[in-house]
Amino acid sequence: MTLPPNLPQPVPARPLLTRGAFYFDGDSPIARPVSLEVDEGAGALIIRFLQHEGLEVQWPLEEVRQVEDVAGTQEAVLRWTADPLARLQLGDLGLLAAFPKLKKSAPPKGRRRLALWACAAVAAVALQIGVLVPLLADRLATYIPAEGERALGEATFAQIREALAGSGLEQLATCENPEGVAALNQMVARLSVDIDSAQPIEVFVLDHPMINAFALPGGYVVFFRGLIEAAEGPDEVAAVMAHEFGHVISRDPTRHAMRSAGSIGILGLLFGDFAGGAAVLFLTEKLISAQYSQGAETGADRFAYGMLEDANVSPASLGDMFERMREKHGDSDGVTSHFVSHPTLAKRIDASRKAAREDAQYEPILSEEEWQAFKAICAD
């Protein structure tokens, strides 16, 4: 029966020459002679087995690829991208014109599934580093005994000194000029008269030009010579010191160290560095430039305001230090990079000035002579 001319006519299967066409199923080395037809309507190659009447295999034409290496013979070997083992051997290279994508690389099998697994793996790592590690670190930090926290701070301080020394087994020197140390101790004593800490707080000055200060687990507070030289007066240094004391009292450095160590451990398992050399350097950098959460920074600021008021030092000194450093170095360098977090630096400067009483008669925390001695704490 012939269909009306306005309806699409069926496309008949087009037979191909079958001389020298053999099919290998991949399970055995037997070459099975086959006949080939192209069903252009279905877009398929029909492979019929000559020795098994009624048995046939269909390969989509666009999924047929040519196997490149055939040992220099005058034959072509084809494969179907969905069957990793089966091969079709052709003795007539002219038949290759029937297949439109012989040379195109086949998409990897299960690419979508592979992409989903990759996304799931990335999400799992992000969940561990962003949620589980911080949560676990916050819980574990409350159970670390004072002796363990002190040992952690001592070991970390030694690593930082070695990393900043930059060569050999030497450590960056701490500044110990007697007159300067005496002035430092006087500043600490005036600030921490009524401080309630689980362990004693020790303040060290490292002979390094970096404009920074930070706290470590176990009551360690570290200043760099560069910050002292950048300050215009002792009250500004005292304000930064009070801020770091606030972090110590809240045990922020311990939580931060555990979070960083946990994240580094996960990344080390993923990317190597089981020896831990890069991990130590990364943890050192993380602790030096620690930027705590909004709540931790706000809490340390408020603690500093109260401590400065108790010592009869203006809380506005903290804002003065921030503002001058921002004007000189911008928001991303020096001490400001350590303290920049939400709330913004501008808001924190404004908050420190609002914390100062207008009618207060504040006194410098050190005399001019003591301040000059403190500035020379790294002198030989």
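Select Glu-56 to begin: this residue is partly exposed, with a relative accessible area of 35%, where partly exposed covers the range between buried, under 20% relative accessible area, and exposed, over 50%, taken with a 1.4 Å probe and protein chains only. Glu-56 is found in strand 5, residues 56–60, strands being DSSP runs of E with at least two residues and helices runs of H or I with at least four, both numbered from the N terminus. What you are viewing is a predicted model, in which local features need pLDDT of at least 70 and side-chain atom pairs count only at pLDDT 80 or more, whereas totals for chains, interfaces and linings use all residues. Residues are numbered from 1 along each chain as its sequence is written, and side-chain values use heavy atoms, with hydrogens and water left out.

Next, select helix 12, residues 368–375, where Trp-371, Ala-373 and Phe-374 are buried. Viewed down the axis of helix 12, the buried residues fall within an arc of 160°, so they line one face of the helix; the arc is that of the directions from the helix axis to the C-beta atoms. Turning to the face directed away from this buried side, you will find the exposed residues Glu-368 and Glu-369. To see what the buried residues of helix 12 pack against, display helix 3 (178–191), helix 4 (225–230) and helix 5 (234–250).

From here, select Arg-225, Ile-228, Glu-229, Lys-375, Ile-377 and Cys-378, which line the largest cavity. A cavity is a set of points on a 1 Å grid over the protein atoms alone where a 1.4 Å probe fits but cannot get out, and lining residues have an atom within 4 Å of a point. This cavity holds about 30 Å³ of space, and helix 4 supplies the largest share of its lining, three residues.

Finally, show the whole chain, whose secondary structure comes to twelve helices and eleven strands. Buried residues make up 41% of its 380 residues, and, among contacts between residues at least 6 apart in sequence, 61% join residues at least 24 apart.

Note on methods
Contact = heavy atoms within 4.5 Å. 1 Å grid on protein atoms, 1.4 Å probe; cavity = no way out; pocket = protein on both sides within 12 Å on 5 of 7 lines; lining within 4 Å. Points joined across faces, edges and corners; volume = space filled by probe spheres on them.
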